[in-house]
Amino acid sequence: MEQRHLGRTGLRVTRLGLGTLNWARDTDEQEAADQLKVFWEAGGSLVDTADIYADGGAEYLLGRLTEELVPREDLVIATKAGSVLEPDRRVDGSRRHLLAALDASLERLGTDYVDLWQLHAFDPHTPLEETLQALDLAVTSGRARYVGLANFSGWQLARAGTWQLAAPGVRNRVASAQMEYSLLQRGIEREVLPAALDLGIGLLPSSPLGRGVLTGKYRQGTPADSRGASEHLAAFVAPYLDETASRVVEAVTTAADGLAVTPLQVALSWVRDRPGVTAPILGARTAQQLRAALSVETLSLPDEIRQALDDVSAPVHHYPDHDWSTL
């Protein structure tokens with residue numbers, strides 16, 4: 001599998017990553033083992049998890065599998081901290097919480113370090129400088145090799161990335177930004193993506209298949225075994241089942257028919273090759289689904305098809321997102 005540098009750093013990762021959101025919840029240990037083995041045998045390296053996935057269960061499962069199935073040194077393990085399940089708050093970016101969460105993640109993962117440690121979200125109630133200091137402490141202590149951010153808005157990402165670059169040798173540059181990005185969700189193109197490109201931050205798209213909708217499986221209704229039919233993920237899929245999304249899905253299906261490939265391959269290839277993207281994160285439920293996604297490695301979309309998909313899915317951008325002189 002082809003590799004890319006993560007942002008403007010020396011860290012190289014495969015241009016497709018494996019997500020573990022479903023592990024230890026919808027995906028049991030055997031299925032997770034099958035996924036990791038398929039991914040590793042295909043040459044994949046980047047595996048993304050978080051301390052909140054299955055209340056730590058995903059990290060624990062990944063730790064067991066790297067001990068028993070796949071050599072730790074063959075993987076680039078990325079995890080996240082900062083999300084909390086408390087009645088009065090959803091994010092805790094305090095230095096106290098973050099460093100304690102990192103130690104707990106390392107214990108569950110059964111490793112001395114993670115390759116990429118990411119803030120799961122922006123905390124408006126903690127000074128950003130304090131939050132970012134926790135990232136620097138993680139690197140200087142050897143518990144993390146690189147640091148990244150997730151779910152930050154454009155101004156938040158620009159502020160954090162600029163702050164880290166202001167003291168080279170003391171602070172560590174932001175290597176990555178994990179954001180939802182697909183043909184059904186192009187909102188980051190307004191401000192987040194331009195900030196990331198300017199600051200040399202690599203983008204790790206989550207939900208690159210539009211929460212599964214871009215595979216075309218929902219065209220005739222909601223399959224009983226799909227996320228859209230599950231009790232805890234139906235609301236997650238629902239926003240992409242409207243008429244606007246349907247037009248994009250039909251365009252993807254038409255392109256797939258013309259290329260003799262699947263809608264999944266078309267949608268994933270589109271996002272993988274967008275400017276600034278390092279590696280989409282694949283959230284497969286089964287090894288079979290993962291194999292289908294990994295088959296995109298050999299596909300590059302023709303320019304005319306890529307342009308047609310750009311046009312049909314284009315978000316509405318007005319002042320000041322575009323050059324004012326063109327408006």
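Two strands pair if DSSP finds at least two bridges between them. Helices (H or I, at least four residues) and strands (E, at least two) are DSSP runs, numbered from the N terminus. The model is predicted: local features need pLDDT of at least 70, side-chain atom pairs count only at pLDDT 80 or more, and totals for chains, interfaces and linings use all residues. Residues are numbered from 1 along each chain as its sequence is written, and side-chain values use heavy atoms, with hydrogens and water left out.

**Stop 1: a hairpin.** Select residues 83-86, strand S6, and residues 89-91, strand S7; they pair in the antiparallel sense over two bridges. Two residues lie between S6 and S7 in this hairpin. Glu86 is opposite Arg89 of S7.

**Stop 2: the sheet.** Next, show the eight strands of the open sheet, which run in the order S11-S10-S9-S8-S5-S4-S3-S12 with parallel pairing. Strand S11 (202-206) and strand S12 (281-282) are the edges, each pairing on one side only. Within the sheet, S4 (residues 46-48) and S5 (residues 76-81) pair in the parallel sense over three bridges. Look for Asp48 opposite Ala78 in S5. Then select helix H3 (residues 95-109), which packs on the sheet and touches S5 and strand S8 (114-119). Contact here means heavy atoms within 4.5 Å.

**Stop 3: aromatic rings.** Select Phe122, Phe152 and Trp155, which form one aromatic cluster. Rings of Phe, Tyr and Trp (its six-membered ring) pair if their centres lie within 6.5 Å; planes under 30 degrees apart count as stacked, over 60 as edge-to-face and the rest as tilted. The structure has three aromatic pairs. In one of them, the ring centres of Phe122 and Phe152 are 5.5 Å apart and the planes stand at 90°, so this pair is edge-to-face. Phe122 is in the loop between S8 and helix H4 (128-140), and Phe152 in the loop between strand S9 (144-150) and helix H5 (154-165), so the pair ties together parts 30 residues apart in sequence.

**Stop 4: helix H11.** Select residues 303-313. Which residues of H11 are buried (under 20% relative accessible area; exposed is over 50%, partly exposed in between; 1.4 Å probe, protein chains only)? They are Ile305, Arg306, Leu309, Asp310 and Ser313. These residues cover an arc of only 140° around the axis, which puts them on the same side of H11; the arc is that of the directions from the helix axis to the C-beta atoms. On the other side, Asp303, Glu304 and Asp311 are exposed. Helix H8 (243-259) and helix H9 (263-272) are included in what covers the buried residues of H11.

Technical notes:
Axes are lines fitted to C-alpha atoms, for helices over the stretch in contact, and angles run from 0 to 180 degrees between N-to-C directions.
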